[in-house]
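Reader: I have a fold on my screen and want to learn to read it. Where do we start?

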Amino acid sequence: MFKFRGSYGELGNQNTDSWHPTYQAMTVKASNGDWLMNGIKPNTSAAPGLVSSTMTWERVKTWNIGWDFGAINNRLNGSVDVYSRKTIDMVGPAPELPVILGTAVPQTNNTDLRTYGWELSIGWNDRLKCGLGYSAKFMLSDSQTKITRYPNETGSLNTDVNVDKDKAIIQKRYDAG
């Protein structure tokens, strides 16, 4: 038995903690002031940050090609897969703006990530004459993740970039100094 298969799909990335990044709410806190008015701390509020007018959904494009096989009455079986996943327009840091802006620069869609790899599995399933069934499986795989687009116009090396492959999250930290 031989079976070839393939798939392709494109979705908006739902792997996020921020479900509504384009909506900002004004923070209101009760009795939070650092001063007293008539012996009572006043309520405070803070203006929300800016939202990029160009922010859109991150898009994830995935394709997979595979081959399944079985031989010797399906006692020997296995599969080979090759895949690629591209995350396009991930939310990343926006270009810096003058400090006179007075608030943080809004994030925007400016980062891409690509993961690609392959998987191989070979298995043996059998049953002894006494009725005892057994199986063994060998699996081998490899994958790589690369950031294919990231805003760093100056090429500065004084920033740290941490990549979480499972969630495809990029965090950027600037060194003070």
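Author: Start with the elements. Helices (H or I, at least four residues) and strands (E, at least two) are DSSP runs, numbered from the N terminus. This is a predicted model, in which local features need pLDDT of at least 70, side-chain atom pairs count only at pLDDT 80 or more, and totals for chains, interfaces and linings use all residues. Residues are numbered from 1 along each chain as its sequence is written, and side-chain values use heavy atoms, with hydrogens and water left out.

Reader: How many helices and strands are in the protein chain?

Author: The protein chain has 0 helices and 9 strands. Read from the N terminus, the order is β-β-β-β-β-β-β-β-β.

Reader: How do I tell which strands pair?

Author: Count bridges. Two strands pair if DSSP finds at least two bridges between them. Here, 5 strands form an open sheet with antiparallel pairing, in the order S1-S4-S5-S6-S7.

Reader: Which strands stand at the edges?

Author: S1 and S7 (133-149) do. Each has a single partner strand, so one side of each is left without a neighbour in the sheet. From one strand to the next, the twist averages 10°. For such angles, axes are lines fitted to C-alpha atoms, for helices over the stretch in contact, and angles run from 0 to 180 degrees between N-to-C directions.

Reader: Walk me across the sheet, pair by pair.

Author: Begin with S1 (residues 2-12). It runs antiparallel to S4 (residues 59-71), joined by 11 bridges. To find your place, look at Gly9, opposite Thr62 in S4. Next, S4 pairs with S5 (residues 76-92) over 13 bridges, also antiparallel. Ile65 stands opposite Val82 there.

Reader: And beyond S5?

Author: S5 pairs with S6 (residues 108-127) in the antiparallel sense, over 15 bridges. Asn77 has Gly123 in S6 as its bridge partner. Then 16 bridges join S6 to S7, again antiparallel. Leu113 has Ile147 in S7 as its bridge partner.

Reader: What should I look for in the hairpins?

Author: Check phi. The hairpin of S4 and S5 has 4 residues between the strands, and Ile72 takes a positive phi near 55°. Asn73 lies in the loop between S4 and S5. Its phi is near 55°, a positive value in a residue other than glycine. Asn74 is in that loop between S4 and S5 too, with a positive phi near 65°. In the hairpin of S6 and S7, with 5 residues between the strands, Gly131 has a positive phi near 100°.

Reader: Show me a buried one.

Author: Take Ile88, in strand S5. Ile88 counts as buried because its relative accessibility is 17%. Now list its contacts (heavy atoms within 4.5 Å). Leaving out residues up to four places away in sequence, Ile88 touches Glu58, Arg59, Lys61, Thr111 and Asp112. Ile88 and Trp57 are 31 residues apart in sequence, with C-alpha atoms 9.1 Å apart.

Reader: What share of contacts links residues 24 or more positions apart?

Author: Among contacts in the protein chain with a separation of 6 or more, 59% join such residues.

Terms used
Buried means under 20% relative accessible area, exposed over 50%, partly exposed in between (1.4 Å probe, protein chains only).
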